[in-house]
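Student: I would like to learn how to read a few features of a model. Where do we start?

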Amino acid sequence: MRIAVCDDEEKFRTQETELIDKLAGSIDVIVDSYSDGRKLLEAFDKKPYDVLFLDIEMPAMDGITLAKKLRERSDSIYIVFLTGHVEYALEGYEVNALRYLTKPVSEEKLREVLRFVMDKSKSKRQLMIKVDGEETLINVSDIVYLEAQNQYVMIYTTSDEYLVRYNIGDFEEQLKSDGFFRTHRGYLVSLAKVKKMVKSDVLVEGADGEVGVPVSRSNIKPLKEALYAYVENSAF
């Protein structure tokens, strides 16, 4: 996820950027900061951001004007205004602002915003696979686990199963930032679907109830660490 902070006051810009970095933890997040809205627009045109924290009162280009120009470029970005003046809220409706945060930004309020955006992003993420010669999209949040079967991979979701001709290592690379863990040479599990660990298995919630997925001996400790980190990041 790419996040940009635009604030002409250095002390606030630094505080906001450092706080986002702290709350993001090990989650794959890139945070860039800008003191001028025009520079942010130039950067956005080269590579768009997912979330924008914009100071409203800036000399060269105020945050409302900047938000309107950014909204012309994308309907899907999340815009959060940084201000101490509630009267700007009505103008924010024009650009579908997600929130207004009072400066200096509190950790609790920022955590709420990031948690909301993370949840929305995860629920929207889709994976494209080829089933019977046709391109099919499945929601990443629906995937329970994947199992390697010779030259194929069986994808188990909360409602279906898909047998595809892929390498499980390719899926591991694609899903590494979505909370998936390689428990065994032939298994890739969604940490969000894990219920508990039992000896050398991990129990996940499948379409037909709990399913045991094997965990290799060498992966038991790393899996526990990944689960603890996932729970901690999920709670922000």
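Tutor: With a definition: contact means heavy atoms within 4.5 Å. The model here is predicted.

Student: Which residues does glutamate 16 touch, not counting residues up to four places away in sequence?

Tutor: Glutamate 16, found in helix α1, touches Val5, Asp7, Leu82, Lys103, Val105 and Leu110 once residues up to four places away in sequence are left out.

Student: What is the nearest side chain of opposite charge to glutamate 16, and how far away is it?

Tutor: A salt bridge needs a side-chain nitrogen of Lys or Arg within 4 Å of a carboxyl oxygen of Asp or Glu. For glutamate 16 the nearest side chain of opposite charge is lysine 103, 4.9 Å away. Glutamate 16 is buried yet has no salt bridge.

Student: How should I read the two sides of a helix?

Tutor: An α-helix has 3.6 residues a turn, so residues three or four places apart point the same way. In α1 the buried residues are Phe12, Arg13, Glu16, Thr17, Leu19, Ile20, Leu23 and Ala24. Seen down the axis of α1, these fall within an arc of 160°, so they line one face of the helix. On the other side of α1, Glu10, Lys11, Glu18 and Lys22 are exposed.

Student: Is asparagine 219 buried or exposed?

Tutor: Buried means under 20% relative accessible area. Asparagine 219 has 18% relative accessibility, so it counts as buried. Its place is in the loop between β15 (209-214) and α7 (220-235).

Student: Which backbone oxygen does the side chain of asparagine 219 reach?

Tutor: That of arginine 182, at 3.2 Å. Asparagine 219 also touches residues including Phe181, Thr183 and His184.

Definitions and conventions: Residues are numbered from 1 along each chain as its sequence is written. This is a predicted model: local features need pLDDT of at least 70, side-chain atom pairs count only at pLDDT 80 or more; totals for chains, interfaces and linings use all residues. Side-chain values use heavy atoms; hydrogens and water are left out. Buried means under 20% relative accessible area, exposed over 50%, partly exposed in between (1.4 Å probe, protein chains only). Helices (H or I, at least four residues) and strands (E, at least two) are DSSP runs, numbered from the N terminus. The arc is that of the directions from the helix axis to the C-beta atoms. A polar contact is a pair of N or O atoms within 3.5 Å; within protein, one must be able to donate a hydrogen and the other to accept it, and residues adjacent in sequence count only if both atoms are side-chain atoms. Lys and Arg count as positive and Asp and Glu as negative; His and the chain ends are not counted.
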